[in-house]
Amino acid sequence: MATTVRPRRSVLYMPGSNARALEKGRSLPADGLILDLEDAVAPDAKATARDTIAQALATGGYGGRELIVRVNGLNTPWGYDDLRMAAASGADAVLLPKVESADAVRQAEAVLRSAGAPAGQTIWCMMETPLGILNVKEIAGASPAVGALVLGTSDLAKDLHAAHTAQRLPMITSLGLCLLAARAYGLAVLDGVHLDLNDDEGFAASCRQGRELGFDGKTLIHPKTIAACNAAFAPDADEIAQAHRIIAAHAEAAAAGKGVVLVDGKLVESLHVENARRLVALAEAIGRLETAG
């Protein structure tokens, strides 16, 4: 499934067992909300959380925000019921935890489709184990229904016995492999969470690095980080202005029979125009989302 130009700068995890949090999500400026049935919900609250999420989605009121349900794995007592609920919930996507193979994706897809999931509901895959990272190419291409890869860097660091460092060097190989697979198959790809909510400088650095690497956005664990994340992953006014100049100059050059042109002293070819159009389309999509509320 080809990537659409949809803002995914900030995607906030929300515990499915917390009805007040799900209500608050209707007014938060996040581009997307992950309504979580897995890590954020205690075992004895799973069934209640499933009902709470179903009711929240049925009630609606989330505007243009992308809504994703993170289910429990099919190897747990709750996975099948989670998928059946998600299929009928109206959620935009279903997030599968700890995906390690293409078969796991296809098995979940079969359950979703048998439960009546609409064709437009996509499958997102958590990439959070060493085996999953090694199999990311096959996972990304497992089905046309796959829409995004989501890094689970906390679980991954645990399994790698790696440290959480400022530059995240222990994560670079895994981040890079997921980015390559996502772009090869036209998927969205989201960076992992930043755990220290008191480390504003570290969070900002993580966002900058994520955007420089090529991520579409970042997953978050607290609403207070949304604004900074949105700013970090959005094209700024200078980038948008330059993109418009590139598009206009290249069009003028093409009309004159030229394949390349100088813009701001730099050589511009068709590949630069393609990226410029992507930035302009993203900025316009962000504007529509913010207008929708």
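Predicted model: local features only at pLDDT ≥ 70, side-chain atom pairs only at ≥ 80, totals over all residues.
Analyst: Residues are numbered from 1 along each chain as its sequence is written, and side-chain values use heavy atoms, with hydrogens and water left out.

User: Why are α11 and α12 called oblique to each other?

Analyst: Helix α11 (residues 237-255) and helix α12 (residues 270-292) pack at an angle of about 135 degrees, their axes being 9 Å apart. Axes are lines fitted to C-alpha atoms, for helices over the stretch in contact, and angles run from 0 to 180 degrees between N-to-C directions. Angles under 35 degrees count as roughly parallel, over 145 as roughly antiparallel, 65 to 115 as roughly perpendicular and the rest as oblique, and α11 and α12 are therefore oblique.

User: What makes up the contact of α11 with α12, by class?

Analyst: With contact meaning heavy atoms within 4.5 Å, I240, A243, H244, I246, I247 and H250 in α11 meet S270, H272, V273, A276, R277, V280 and A283 in α12. By class, this contact has 8 nonpolar, 4 polar and 1 charged residues, where Ala, Val, Leu, Ile, Met, Phe, Trp, Tyr, Cys and Pro count as nonpolar, Asp, Glu, Lys and Arg as charged, and the others, Gly among them, as polar.

User: How do you know which term describes α2 and α3?

Analyst: The axes of helix α2 (residues 46-59) and helix α3 (residues 79-88) cross at roughly 5 degrees and come within 10 Å, which makes α2 roughly parallel to α3. R50, I53 and A54 of α2 make the contact with D81, D82 and M85 of α3, a set that by class has 3 nonpolar, no polar and 3 charged residues.

User: Why does the pair of α3 and α4 count as oblique?

Analyst: α3 packs with helix α4 (residues 102-114) at an angle of about 55 degrees, with the axes 8 Å apart, and α3 and α4 are therefore oblique to each other. Their contact is made by Y80, L83 and A87 of α3 together with Q107, A108, V111 and L112 of α4.

User: How much area do domain 1 and domain 2 bury between them?

Analyst: The domain assignment gives domain 1 (10-233) and domain 2 (237-292), and such bounds come from an automatic or database assignment. About 370 Å² is buried between domain 1 and domain 2, 50% of it on carbon and sulfur atoms, buried area being the accessible area (1.4 Å probe) that two parts lose on being put together, summed over both. In domain 1, D31, G64 and R211 lose the most area to domain 2, together 74% of what that side buries.

Technical notes
Helix = DSSP H or I, 4+ residues; strand = E, 2+ residues; numbered from the N terminus.
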